[in-house]
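Subject: Structure handover

Hello,

Please find the structure below. My notes on it follow, in plain order.

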Amino acid sequence: MDKFPPHPSLSRDLHAATPSLVHTLSQEENSILSVATDDDHIYSGSQNQNISVWDNRSYTLQTQLRGHTGSILCLEYASDKRWLFSSSDSGDLFSLAWSPTHSTIYIGCQNTSIQWYNFTNFDQNLSIGGSPATTGTSTPRRAHKFFDSYPRSQRRSPDLEASNGIGIPILVVDGHIVLNNPPMARAEFNIPPQNVIDSAHYGYVYCMALFPSTRVGAAHSIHEDVLLATGSGDETVKVWKCFPNGIELLYTIECTHGAILSLVTREDFMYAGCQDGYVRVWDLQTNTFIRTIIVQESVDILSLSILGCDLYACSADGQVKRYSDTFDCTASWKAHSGIVLSSIITRGAEPGGFELLTGGNDGAINIWNIYLATVDQYNEDILDADGHSTYNDTTLIYALSKFVSIRSVSSSEDYREDCRQAAIWLTKCLAQLGASSKTLYADEAAVHNPIVFACFQGAQTSFRKPRILFYGHYDVISAPPEGWESDPFRLTARNGYLYGRGVADDKGPVLAVACAAADLLRTRKLAVDLLFLVEGEEETGSGGFVDAVLRHKDLIGEVDAILVSNSSWIASGVPSITYGLRGVVHCDIEISSRDTKDSHSGIDGGAWHEPMQDMIQVLAGLTDSDRRVLIPGFYDKVRPQEAEEATLFRLLGAVTQCSTASLNSRWREPALTIHSVRGSGPHNPTIIPASVTAQVSLRIVPDQILDAVCVALVQHIRTSFDTLRSTNLIKVNVDHTADWWLGDLTHPWFLELERAIHDEWGAEPMRVREGGSIPCVPFLEKAFSCPALHLPMGESSGQAHLPNEHISLSNLRHGKAVVERFLLAIAESSVVPHTTKSDAQTAPANC
């Protein structure tokens, strides 16, 4: 295994100039917990109970606002009222959001509640001077047995006077102030009980954000309603519809990456900063995740700010990273010597300029000069010569370069950890592209390589969406360096081709399909659920795959079609669609003498039955001189070729310059192959091996019965051995099987895939069969009672399993586009997805 697996992030480092530091405001021995700005001032809250007010031109301290008795956790400026709202830990108020539309302040609390206060009729009652004016009504509430409890040592019953740091707040804020007035709290307000939703989350409500955003630099949402997003320590974001008199829960979003510590919105997109260093991106229009950004794993994202299409992510390691609309990292710098706790964007001193303010636990407010980038400034969404968006092409190649670098060779225990790392990397890759993803195992012992399960969820609809299951594999054949012109585990591009182990079989196609789904998600066109099952032992017989699928079948849910891309075109420049695969039976034969020791031919030659001679005679009895298999009844069930297919094969023969007889023997006729014969001992010409092993396989075709063929093979071998009347012993073991597969050429979705290939390449695809086997295709088809569809991406010259494996860059790009066309077509298809359960059971919560 490589010492360090590739970093999981799909965000390319496209670093432009790092923002310049304009000024530093120092509050020694204080942590800057919160910041806010207006046209003339910068406000900062810390743990010293006061709010510092700075002039945002001269950067001098003007005054301090008093009124709190605890740390200032949050500041929210209402520009339409020219009010500053502040909250502190003395009331355990963690987050604030002001809606100018409803003149309402929303409060997220430590006690898991959400509260709000409406100021529609407030202005006329606000006193200008003197002591704070208490407004609103308050109905006494009952003491809460947990939040209003005393320490056990005091042996007191809960009451409203308990002071344990987790009280339900009676006051909205300790200090509401009108700007430019004397530095004391202007008013305190009681929250009416009807304006409180207790247990709104199952954790602290750390952050809030509104649609449309009122922040400087954030493009407004086109959503007609006012929506409130709340993030919590329970790893969820809840979206609420806001009314003048309250809020109503619309839906809950499971983020699964730790507590939600920060939220920010842009247009109809929401960005959630998580505890473990991830930012989840949510599309409000389609109600789907469209991307996950890995900022820095296991480092909390404590604050997010947005300017135009640029996202600024502030982390607990003092770093700030800027991400473009293409989710690439365009700047990264050390903003503080400690933790970045807060940030906000404000207009700069220069016309059209902006500044990013960051506050840290190093006592500094740093002011950075930033600029408004245009959408896709760093990586324009241009069209190539075929009219395709190149948006995700760079992501596809960048991801493939990382995927290929992982030596996920499943045939060797030496690479067992590499296979596990490949599964982990792919799980994170698919999550970043917008899927929910996890690893599955066949059993608790996890003796097999993990299977990656993922779901790209289509836009929410009132009807059941088609559900397509894509099957692929991340394991590869070994790649000894002999014969390779470049490192097999380093993606190399030359002359229009990508070289590396797995680029054609099957890492390239897996990522092409994933990027196709990501493109549709980004453009709000994904109207199906696209599931992924990507295994890690396809090259060694798919051990554990069947058990894993059956174990997790309820998690996977209903499936309407299987999509596979694990084969090649019939010839270069000839787009193809695969509709048939042969099955396979692998058999091990061992013949051994009763004396387990090897012997010398000069001493014991001719004295007894030699295992090698017995093996040769047994193997010779498997076929005749015309290569026909001699197993009794072997050909009885073989389906005769139909006239339509015979015509097709003549056309294919003309295209490939192969005889139809050759195509028939390779694709649709059964066959027997002897792969190896090995004797024990040192393998020199004088040794009589005490035991000999042979590996034999059968390729079977429609309508041969797999189990019957296995039984007949073993019986024929044993019968042949018995006729030898040998004193040796024989063992016969069928260690791996796979059934044949034949697609339904009349199924509407097969025809849609065929049409997608035609429309993409401008040529009618050739219908082809293959002589190889993919064990899981017939199994999945039977397990989910649905048809399988096979889309080849590689060319016949792709060297899969051989040195210099490669795939055409054009084929990979067009293959991705074919998948997009196909998914769009079946979403609009009149074919009703099949179901054997109620619709409520067909869409698992994870998808």
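Where is the place of Asp703? Asp703 sits in the loop between β42 (691-700) and α10 (706-722). I start there because most peptide bonds are trans. The bond that joins Pro702 and Asp703 is cis, with omega about 5°.

Before going further, note that this is a predicted model.

**Confidence**

The average pLDDT of the protein is 87, and 87% of the residues score at least 70. Residues 144-153 have a pLDDT below 50, and in the model this stretch has 24 contacts beyond near neighbours in sequence. Residues 835-845 also stay under 50 in pLDDT. For residues 835-845 the model has 16 contacts beyond four places in sequence. Please keep both stretches in mind when you look at the picture.

**Backbone points in loops**

Another cis peptide bond runs from Asp505 to Asp506, with omega near 10°. Asp506 belongs to the loop between β34 (497-499) and α3 (507-522).

The next point concerns phi. Most residues other than glycine have a negative phi. Thr256 has a positive phi, near 60°, and is a residue other than glycine. Thr256 is in the loop between β18 (246-254) and β19 (260-266).

**Two sheets**

Strands of a sheet pair through backbone hydrogen bonds, either parallel or antiparallel. Which strands form the open sheet that includes β3? The order is β2-β3-β4-β5, four strands with antiparallel pairing. At the edges are β2 (34-37) and β5 (61-65), each of which pairs on one side only. From one strand to the next, the twist averages 20°. Strand β2 is joined to β3 (residues 41-45) by four bridges, and the two run antiparallel. Within this part, Val35 has Ser44 in β3 as its bridge partner.

The order β15-β16-β17-β18 describes another open sheet of four strands, again with antiparallel pairing. Its edge strands are β15 (205-211) and β18, and each pairs on one side only. Here the twist averages 25° from one strand to the next. Five bridges hold β16 (residues 227-232) to β17 (residues 236-243), and these strands run antiparallel. Thr230 has Lys238 as its bridge partner in β17.

**Helix packing**

Two packed helices are described by the angle between their axes and the distance between the axes.

How are α1 and α2 packed? Helix α1 (residues 393-404) and helix α2 (residues 416-432) meet at an angle of about 165°, with their axes 10 Å apart. Angles over 145 degrees count as roughly antiparallel, so α1 is roughly antiparallel to α2. Their crossing is right-handed. On the α1 side, Ala399, Lys402 and Phe403 take part, and they meet Ala422, Trp425 and Leu426 in α2. Of the residues in this contact, five are nonpolar, none is polar and one is charged.

Helix α2 also packs with α3, at an angle of about 20° and with the axes 10 Å apart. Angles under 35 degrees count as roughly parallel, so α2 is roughly parallel to α3. The crossing of α2 and α3 is right-handed. From α2 the contact has Trp425, Leu426, Cys429 and Leu430, and from α3 it has Val510, Leu511 and Ala514. These residues divide into seven nonpolar, no polar and no charged.

The crossing of α1 and α13 is right-handed. Asp393, Leu396, Ile397 and Leu400 of α1 meet Leu809, Leu812, Arg813 and Lys816 of α13. How do the residues of the contact of α1 with α13 divide? Five are nonpolar, none is polar and three are charged.

Regards

How values were computed
Residues are numbered from 1 along each chain as its sequence is written. This is a predicted model: local features need pLDDT of at least 70, side-chain atom pairs count only at pLDDT 80 or more; totals for chains, interfaces and linings use all residues. Side-chain values use heavy atoms; hydrogens and water are left out. pLDDT is the predictor's confidence in each residue, from 0 to 100. Contact means heavy atoms within 4.5 Å. Two strands pair if DSSP finds at least two bridges between them. Axes are lines fitted to C-alpha atoms, for helices over the stretch in contact, and angles run from 0 to 180 degrees between N-to-C directions. Angles under 35 degrees count as roughly parallel, over 145 as roughly antiparallel, 65 to 115 as roughly perpendicular and the rest as oblique. A crossing is left-handed if the near helix is turned anticlockwise from the far one by less than a right angle, and right-handed if clockwise. Ala, Val, Leu, Ile, Met, Phe, Trp, Tyr, Cys and Pro count as nonpolar, Asp, Glu, Lys and Arg as charged, and the others, Gly among them, as polar.
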